Amino acid sequence: MRKNMSQNWKSAIFYILIPLLLIGSIFLFSAQSKNTTAKNYSEVVNLFRNNQVTQYELDLSSGNLTYKLVGDGENTVNRYTVPSVSYFLDDISDYVNDYNDANPDNQIVYNYKKGSSNSWWMSMLPTFIFTIIIIVMFVWLMRRMSSSIGNETNRTLGFGRIKSKTQSGEDSDKKFEDVAGCDEEKAELAELVDFLKNGEKYTQLGARIPKGVLLVGPPGTGKTLLAKAVAGEAGAPFLSISGSDFVEMYVGVGASRVRDLFEQAKKKSPCIVFIDEIDAVGRHRGTGMGGGNDEREQTLNQLLVEMDGFGSNSGVIVIAATNRPDVLDPALLRPGRFDRQITVNRPDKQGREDILKVHAKGKPLGPDVDLKEVAKDTIGFTGADLENLMNEAALLAVRRNKKAISYQDIVDATSRVELGTEKKSHKYSEKAKKLTAYHEAGHAVASYYVEGHDPVREISIVPRGLGAGGYTWYTPQEENYNSRNDMLNDLISMFGGRVAEAVALDDISTGASNDLQRATEIVRDMVVKYGMSDDLGPVVYDSGNGEVFLGKDYGHVNNYSEQTSARIDSEVEKIMREAYSKTMSILKEHYDKLELVAETLIKKEKISGEEFENLMKNGTLEVEAVEASTEELTQEQTETENG
């Protein structure tokens, strides 16, 4: 930083000095040019002949003449440089002497100066200055060119150096206690920590600690955090890099960086090398359309060689993370390289509660906040999602001028994270508002009459950031569901919006396009991937490898005939039509509930899950109103019985 600042100051001073030198030389040149006038020699001599000169001074060396004329003021001085001093004196001496003899009381005052020793270089000074400036600029440009060439050479040679982020494990602020929701994963990594601390007890028994550990899991589950916690617990240096850091446009650079990485690791042994997003460099070889000898494959080959090159107990442990283990090269996953794979899944309910407790530190929570309930309502959230949720809740509390985070802040933050920000400024036309209200009411009512479906959490016709005019939000009751009945129940709730439009408005809109797309994907997976079709039987027709490379996808062929493909399409259509028919029956049977929920949405624009339950059971929103009507009915019955 200081070096760059000093270089910038030097450049700034240089750019300031050059204009100053140029301006100074121009002033000197102009000052020297003032010694001459535009008069001819004969005109100057005629001034003396006509007795117009009252005073003059002549430099005998340079020929610079200064003179005053009749009528000139005191500060007026005329200048001229005579071509020859001797000729000039011969030409004017008679005129001067004759005038002085004739006018003894008003003679011409004159003076002859001896030439100064520096007069010659003063006349050459502008030339010297321009020459020096040109030389300085030339030298500066040459040095700058050589410096840029040297820097380019250093950069080119430095391509083979890896820019890893090295952190001392002792200075790490991450420990296992800072990682929640993955107790089993921490237990497996604890062995690595023990090896880095007490490696001798393993070597004495001939045990070989894994050279590499691959952390696999969805994004945001805490893979990087776990690796940092291992380094923090062991107090070992932590070299962190990304898989994309190895990839360059120049051939051979990636392989050179791999070599440099392991050289650094051996010098700092025992240490941990963490490669994040290793799928960027460790992809399956031969998956492209072109030749196989590309930069990425050379880098991968060098990585395989280096992992084979260092000893089992050298004290260097490689930890890598990826969310795409299916695209990694098999040679990278074999024993001896990445010996152990640890799957870091999304946390369960207890794990989410522990993670929330970690991220709630330093945040004042209101008395109504129960982290168990928050964990229950955030099924599918990763650790990163939960951290973001608590931060959004804190921001909402600040925005509402609160001193602590309330449960409602967390609920609003959850909807903000999952569904996006409400666009309350967007105004519907009456037709669009009615259409959206019946669409969302159809989802909610259809799901209500499906046994085992997740309960409605909120219904709204206020647009959010997900591009839809409204939404029906459910609260999942199970961590995972994979049964056929669950999928069929989801189909009924998805068709609820389209069917409600057709039943109530005798029209359909484009608003159900996403519902139909998701429903089609579920049904196709049921048929070709899960073997849930009664007609086609328990046969898997899709390998489900999920190839993302053009080369593998290009060579992929279906492992079933055209006749089977037609049967698959027919079965998908059959299941979809049956689910659509069931949804139609439900909404026609309970049309009064559909209309009630839709009309309520048009008035309120948003209905909570509790309010929806009251509407479906009692036909009213408020619990108090239901209790009051129940009390009145009981009182009337009592009076009747007593009467």
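Predicted model: local features only at pLDDT ≥ 70, side-chain atom pairs only at ≥ 80, totals over all residues.
F138 belongs to helix α4, which covers residues 119–158.

F138 is also part of a nonpolar patch on the surface, together with I135, V139, M142 and M145. The accessible area of these residues together is about 500 Å².

## A buried leucine

L261 is placed in helix α8, residues 253–267. L261 is buried, its relative accessibility being 1%. In sequence, L261 and F246 are separated by 15 residues, and their C-alpha atoms lie 9.9 Å apart in space.

## Salt bridges

The whole structure contains 20 salt bridges according to the search. One of the pairs is E57 with K113, where the closest N and O atoms are 4.0 Å apart.

The salt bridge between R518 and D515 has an N to O distance of 3.7 Å. R518 is partly exposed at 38% relative accessibility, whereas D515 is buried at 11%.

K604 and E611 form a salt bridge whose closest N and O atoms are 2.9 Å apart. K604 is partly exposed, with 37% relative accessibility, while E611 is buried, with a relative accessible area of 16%. Elsewhere, a network of salt bridges links R400, K402, D409 and D412.

## The second largest pocket

The volume of the second largest pocket is about 690 Å³. Its lining consists of 28 residues, and those nearest the centre of the pocket are Q408, V411, D412, E458 and W473. Of these, D412 also takes part in the salt-bridge network with R400, K402 and D409.

Several elements supply at least two residues each to the lining of this pocket: the helices α12 (371–376), α13 (383–399), α14 (407–419) and α21 (609–618), and the strands β11 (456–460) and β13 (606–608). Helix α14 gives the most, with 6 residues. By class, the lining has 15 charged, 7 polar and 6 nonpolar residues.

## The cavity

Rolling a probe the size of a water molecule over the atoms shows where empty space is left. The structure has 1 cavity of 30 Å³ or more, and the volume of the largest cavity is about 30 Å³.

The largest cavity is lined by V374, D377, T378, Y407, I410, V411, T414 and R457. Helix α14 gives the most to this lining too, with 4 residues. By class, the lining of the cavity has 4 nonpolar, 2 polar and 2 charged residues. V411 is found in this lining and is also among the residues nearest the centre of the second largest pocket.

## Positive phi angles

Most residues other than glycine have a negative phi. D506 has a positive phi, near 55°, and is a residue other than glycine. D506 is located in the loop between α16 (484–505) and α17. The relative accessible area of D506 is 69%, and the residue is exposed.

E605 is not a glycine either, and its phi is positive at about 70°. The position of E605 is in the loop between α20 (591–604) and β13. E605 is partly exposed, with a relative accessible area of 32%. Strand β13, on one side of this loop, is one of the elements that supply at least two residues to the lining of the second largest pocket.

Note on methods:
Residues numbered from 1 in each chain as written. Heavy atoms only, no water. Salt bridge = Lys/Arg side-chain N within 4 Å of Asp/Glu carboxyl O. Buried < 20%, exposed > 50% of the residue type's maximum accessible area, 1.4 Å probe, protein only. Patch = residues over 30% accessible without salt bridge, like charges linked within 9 Å, V, L, I, M, F, W, Y side chains within 5 Å. Areas by Shrake-Rupley, 256 points an atom, 1.4 Å probe, with all protein chains shown as cover. 1 Å grid on protein atoms, 1.4 Å probe; cavity = no way out; pocket = protein on both sides within 12 Å on 5 of 7 lines; lining within 4 Å. Points joined across faces, edges and corners; volume = space filled by probe spheres on them. Nonpolar A, V, L, I, M, F, W, Y, C, P; charged D, E, K, R; others polar.
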